[in-house]
Amino acid sequence: MAPGGGSIAAYVGTLGAALGTMVANLSAHKAGWDDKWEFYSKWAEKGQAYKDKLLFLVDEDTNSFNKIMDAFRLPKDNPQEVAARKAAIEAATQYATEIPFQVMETARNSMEVMQAMLKDGLQSSLSDSAVGILCAKTAVLGAYFNVRINAKDLKDREFADNILARAEAIYQEALAIENETIALVNEKM
């Protein structure tokens with residue numbers, strides 16, 4: 001049953017961060033930009049960190065799903081087992097909501113690398129930075145759907161409503177960045 005949509009969303013985000021990192025590395029090694037090497041290297045290091053976190057979240061999303069399945073397999077032969085099973089399902093579902101939220105946050109934050117490269121990186125790599133933004137946006141939206149579908153079953157509505165509100169804000173930010181990116185690319189090409 002793996003990889004699911006949440007894992008794929010994280011993987012697409014990984015690809016986006018990798019593109020931003022690539023543009024930063026290319027920019028750092030451009031002839032005549034020797035004085036900017038440190039600036040681009042810092043962006044490349046940030047991009048690498050985002051990429052690594054998103055790559056970790058690919059597998060962690062699968063693990064979170066497996067925790068839900070394990071909880072549903074718990075015995076329910078007496079009231080104590082039923083109560084323990086319900087608590088395990090709730091905890092696993094919260095975790096399976098938190099992981100795609102982390103994908104959303106990380107993918108959204110990774111956009112800063114691509115945005116910096118759109119502005120200050122190699123202009124011949126403008127399309128690479130833009131594709132990185134589009135991948136990150138796809139990761140945010142895909143993970144947003146997972147947050148929503150998992151949060152709907154949570155009994156702890158305070159937790160669910162809080163994470164849904166924060167997820168909605170990230171979702172809207174990602175859409176706005178995508179629109180800004182498309183406008184910028186159309187202006188520069």
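Is Gly32 buried or exposed? Select Gly32 to begin the tour: its relative accessibility is 65%, so it counts as exposed. Please keep in mind that you are looking at a predicted model.

**Stop 1: the whole chain**

Zoom out and show the protein chain as a cartoon. You will find five helices and zero strands, and reading along the sequence gives the pattern α-α-α-α-α. The protein chain has 189 residues, and buried ones make up 47% of them. Now think about contacts between residues with a separation of 6 or more: 79% of these in the protein chain come from residues 24 or more positions apart.

**Stop 2: back to Gly32**

Next, draw a distance from the C-alpha of Gly32 to the C-alpha of Lys155. The two are 123 residues apart in sequence, and the gap in space is 59 Å. Keep Lys155 in mind, as this residue returns at the pocket stop, where it is part of the lining.

**Stop 3: an aromatic cluster**

Select Trp33, Phe39 and Tyr40 together and show their side chains; these residues form one aromatic cluster.

The model has four aromatic pairs. In one of them, the ring centres of Trp33 and Tyr40 lie 5.5 Å apart and the planes meet at 10°, so this pair is stacked. Planes under 30 degrees apart count as stacked. Phe39 and Tyr40 also pair, but edge-to-face, with 5.0 Å centre to centre and 80° between the planes.

How exposed are these residues? Trp33 and Tyr40 are both buried. For Tyr40 the relative accessibility is 1%, which is why it counts as buried. Phe39 has a relative accessible area of 36%, so it is partly exposed.

Stay with Phe39 for a moment. Phe39 belongs to helix 2, and its C-alpha is 32 Å from that of Tyr144, a residue 105 places away along the chain.

**Stop 4: charges over rings**

Lys36 lies over the face of Trp33, at 4.4 Å from the ring centre. Then jump to Lys67 and Tyr95 for another example: the charged end of Lys67 sits over the Tyr95 ring, 5.5 Å from its centre.

**Stop 5: along helix 2**

Which residues does Leu54 touch beyond its neighbours within four places in sequence? Select Leu54, which has its place in helix 2. With a relative accessibility of 0%, Leu54 counts as buried. Leaving those neighbours aside, Leu54 is in contact with Ala10, Gly13, Thr14, Ala17, Val103, Thr106 and Ala107. The C-alpha atoms of Leu54 and Tyr11 are separated by 6.7 Å, while the two residues are 43 apart along the chain.

Now select Lys51, which also lies in helix 2. The cut-off for buried is under 20% relative accessible area; Lys51 is at 18%, so this lysine counts as buried. Apart from neighbours within four places in sequence, the contacts of Lys51 are Thr14, Ala17 and Ala18. Thr14 and Ala17 are also among the contacts of Leu54.

**Stop 6: the largest pocket**

Which residues line the largest pocket? Select Phe65, Ile68, Met69, Phe72, Lys86, Ile89, Glu90, Thr93, Ile149, Asn150, Asp153 and Lys155. The space in this pocket is about 250 Å³. Colour the lining by class, and you will find six nonpolar, two polar and four charged residues. Then colour by helix: helix 2 (37-72), helix 3 (79-120) and helix 4 (126-151) each supply at least two residues of the lining.

**Stop 7: helix 5**

Finish at Arg166, found in helix 5 (residues 157-188). Arg166 has a relative accessible area of 39%, so it is partly exposed.

Key:
Residues numbered from 1 in each chain as written. Predicted model: local features only at pLDDT ≥ 70, side-chain atom pairs only at ≥ 80, totals over all residues. Heavy atoms only, no water. Phe/Tyr/Trp six-rings, centres within 6.5 Å; stacked < 30°, edge-to-face > 60°. Buried < 20%, exposed > 50% of the residue type's maximum accessible area, 1.4 Å probe, protein only. Lys NZ or Arg CZ within 6 Å of the ring centre and 35° of its normal. 1 Å grid on protein atoms, 1.4 Å probe; cavity = no way out; pocket = protein on both sides within 12 Å on 5 of 7 lines; lining within 4 Å. Points joined across faces, edges and corners; volume = space filled by probe spheres on them. Helix = DSSP H or I, 4+ residues; strand = E, 2+ residues; numbered from the N terminus. Nonpolar A, V, L, I, M, F, W, Y, C, P; charged D, E, K, R; others polar. Contact = heavy atoms within 4.5 Å.
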